[in-house]
Structure formats: structure tokens, C-alpha cells
Amino acid sequence: MNRIIPLILAVALFMENMDSTVIATSLPAIAIDIHTSPIALKLALTSYLVSLAIFIPISGWMADRFGAKNVFRAAIGVFIAGSVACAFANSLPAFVVSRFLQGIGGAMMTPVGRLVLVRATPKSELVAAMSWLTVPALVGPLVGPPIGGFITTYFTWHWIFLINVPIGLIGMWLATRFLPQTEPAETPPLDFPGFVLSGLAASGVVFGLSVVSLPALPPMAGFITVAVGVVSGVLYLIHARRARNPLLALELFRNQVFRSSVLGGSLFRIGIGAVPFLLPLMFQIGFGLTPFQSGMITFVSAIGAIGMKFVTALLFRLAGFRRVLIWGSLIAAGSIAIYGLFTPQTPYALMLAILLVGGFIRSMFFTGVNALSYAEITPADTSKATPITAVFQQLSIALGVALAGGILEVSTSIHGGPLTLSDFHIAFFIVAAVSAAASITFMRLAPEAGNAVSGHGRLTTPKTLETVGTAGK
């Protein structure tokens, strides 16, 4: 069962990760079919991520209140419904709403699935079970771009969503057949004011930044939405200090290691979140490649991400969190900036090599920063730290998409023409600078920060190394 359970749960993780990479490859084709621009379709990417940020915080409460198995199966059903709605969407608003519905399902699938795994697996077998769970999360980005490109090029983009139906139904049947039944537990009342305020803050800021420069809406609409988000965020801070059981326990930010890992990781993800949006568009619009050709190039970075998992633990043991994260963020940001030098004349072998190295470094960084988040968190506070880290991850990726789209829109408005290759180059240089800024946050860490987890500076047992290697997957 230590393999069956995580593999069943991984069905949901595979759907979610593959879907996010497939849609990025198919954006130009979808834009033509629903009569909008590829830049405007960033709203579809953003709405999904915003939905995750809104509903992830209540996933743990839902699992305790209604039973983790029940919530997990229902989440897959919601994700399937959202996928079908995406396939039949014939306008930008309909597509954005459908992606938001998908995000509601995704927000419940992954964290609740991990909760089921932790509760059903003995601690002595948890590391091995987590390893099985994370493999599909890495395979999704690996197969997503070529599969999405193939379907879009030789069939229609609608099928990239419809294939979720049989996968999801199989996952629901396996969950019903094999997952242990978990009874609802006594839970404190849901922090409903906190849920509303945090949701308005997340959606207002990210969605407002996404629409502020869209030609379909007046700029003032975007500014007002951002203002609503900022005010809601301030009100949540006030509320969290007074609430008995706040939705997001912000007092954890008093711990410098936790604060640095969350804030530094968020800055880095803003730049990284822009790459899956920019790279396929550049290859298809700037280079004139087909979606399939684009996908066969971009998937290489996922190979790098998988390969790095085998040496990450050793790197952190030898050099420590502070040094590896500082240099890792700078090198990874440099690899993003190099994308801004790609031209149609650049040899494919060279582009593949650079994408492979970039995947290596980003995988190492994410493993380290995710493990560092829990390095000085007590076991009693782990359940409080998980939704905070998950929300900040999704928000930063959504901000990256919004930033990338905004740069392209401003650049095209300056020269007054359609998207050109230079527009993408400018965008890559800017988002690389944002990712590089994360190094400043990690410079404030003490040299011994996280040594209890990484084993740096002391004799480390193999079990500790194995835990570090899987903590950030």
C-alpha cells in the first residue's frame, strides 16, 4: 500500500502539472479560435493560479470537516468539470471562468492528497511514499509540452482538456477502491472573514495587475481592482492579529529563516512563473515554430529538473542553504536572461543545453527553499506553515505571468505594432532581474541556517540526506 496510495494520489498531481504546461504551449492556437490575443489569454493562466491561492488555505479545514477521501474525490470531479468547460469555451470570459473552476478543484486535490498520504503512511515509510508521489509531478511538465504541441498541431486544442476526463474518472475509481476512509473530525469554525479578506487580497492584486493594460478594459478598472486587493490585505493583517484561529498564521513570519525562504522563494518564482508563458510564445510567434516543435524544445528543462533530484541533497550538505541558495538564484536568473538572446539562428542544440542547465538549477533551488521553509518550524506549526507556503507559491507564479504579459503589452504599445522578437527579449531580461533579487533575501541568512536539515557542518546520516532530497519536491 505504500506504493498504491501515493500513485493513486499522484493521478491528480499529474493532471494538474501536465495541464499547466500544456496550455502554455497551446496559447496561440486557443487565442485564434476564441478571437482574442495570446497576451490577453494570460488571464486564463492567472485566473487558475488565483483560484489556487484563494482556496488552498481552506483545503485542510475542508478535509478535516468532511473527510479527506471525500474531499479528494470531489476535487477531482470539480477539476474534470472545469476541464470540460474549458474545452467548450468559445470566448475569453468563458475560458477564464472555466480555468477558475479548474483551479478550485486543483486547490483541493494536491494538499488534500498529501494529507491523505501522511495520515495513511507510517512515518518510517513516509519518505519512500513521498518519492512515489512526486514522480508524476515531474513527469507532467516533461510530457506536457510535446503532448500539448502534438495535439494542438495535428488535432485541436480542445482535446488537451478533454483527456482529463478519462484520467480523472480512473483516479476517482481508484480512490474509492483503495484509499482508506477518513472520518470527519471536530474542527474549529472556519475563519470566514479571513477567507473572504485573503481571497480578495490575492485575486485583487494579481487579477488587477493582469487587466490593467488590457485594451478590452479601461486602465482604471485594473487600478481599482489592485487597490481593493491591497486594502483587503491590510484588513486581513488587522483581522489575523485579533482572530483566535486565523486562516493564515502570519506570526510564523517572525522566524527569519521561514520569512527568508517564503519571501525569497516568492521573488524567485515571479521570474520563473513568467518563463512558461513567454518561452512557447516566443518560439511560436517570434520564431514561427509549430506548437509541437515548441513543446519538443521546452520540455527539456523538465528533464533537468528530474536529473537534479539525485544530487541536490549532497550539494546542500557540502555547502549549506545560504551559499547554495544565493548562488543558485543568481545562476538560475542568468539562465533566464540568456533566453533573451535566443534568435531563430541560434542552434537548437545550444538552446536545449541552456534549457537543460536551467532546469537543473531551478530544481535545486526549489528543493532547497521548500526544505528551508520547515527547517525551524516545530511539528505543531507544520500545518500552519503549509498553507502559507502554498499560497505564496501560487501568488508569485501568478504575478510572474501578469508581469510578463504586462511587459509585452507595454513594449508593443511603445512601438505600435504586433509582437516582435525584441519584445520577448526585453521581457526575459526584466523577469531575470526580478529572480536575481531573491539572492538579497538569502544573504541575510546566518551561515548555519537550516544546518539541522541539510547536515552542513556536521556528520550527516543517510536518512537525513534522503529527507532533504525529497522535502522540496
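This is a predicted model: local features need pLDDT of at least 70, side-chain atom pairs count only at pLDDT 80 or more; totals for chains, interfaces and linings use all residues.
The protein chain holds 21 helices and 0 strands, and 54% of its 473 residues count as buried. Of the contacts in the protein chain that link residues at least 6 apart in sequence, 83% join residues at least 24 apart.

Turning to the helix pair, α15 (residues 321-339) packs against α16 (residues 348-373) at an angle of about 145°, and the two axes lie 9 Å apart. The crossing in which α15 passes α16 is left-handed. The residues that make this contact are listed by helix below.

| Helix | Residues in the contact |
|---|---|
| α15 | Phe-321, Val-324, Leu-325, Gly-328, Ser-329, Ile-331, Ala-332, Ser-335, Ile-338, Tyr-339 |
| α16 | Ile-354, Leu-355, Gly-358, Ile-361, Arg-362, Met-364, Phe-365, Gly-368, Val-369, Ala-371, Leu-372 |

By residue class, the contact of α15 with α16 divides into 15 nonpolar, 5 polar and 1 charged.

Glu-409 counts as buried because its relative accessibility is 9%, and the cut-off for buried is under 20%. Although Glu-409 and Ala-40 are 369 residues apart in sequence, their C-alpha atoms are 9.2 Å apart in space.

Terms used:
Residues are numbered from 1 along each chain as its sequence is written. Side-chain values use heavy atoms; hydrogens and water are left out. Axes are lines fitted to C-alpha atoms, for helices over the stretch in contact, and angles run from 0 to 180 degrees between N-to-C directions. Helices (H or I, at least four residues) and strands (E, at least two) are DSSP runs, numbered from the N terminus. A crossing is left-handed if the near helix is turned anticlockwise from the far one by less than a right angle, and right-handed if clockwise. Contact means heavy atoms within 4.5 Å. Ala, Val, Leu, Ile, Met, Phe, Trp, Tyr, Cys and Pro count as nonpolar, Asp, Glu, Lys and Arg as charged, and the others, Gly among them, as polar. Buried means under 20% relative accessible area, exposed over 50%, partly exposed in between (1.4 Å probe, protein chains only).
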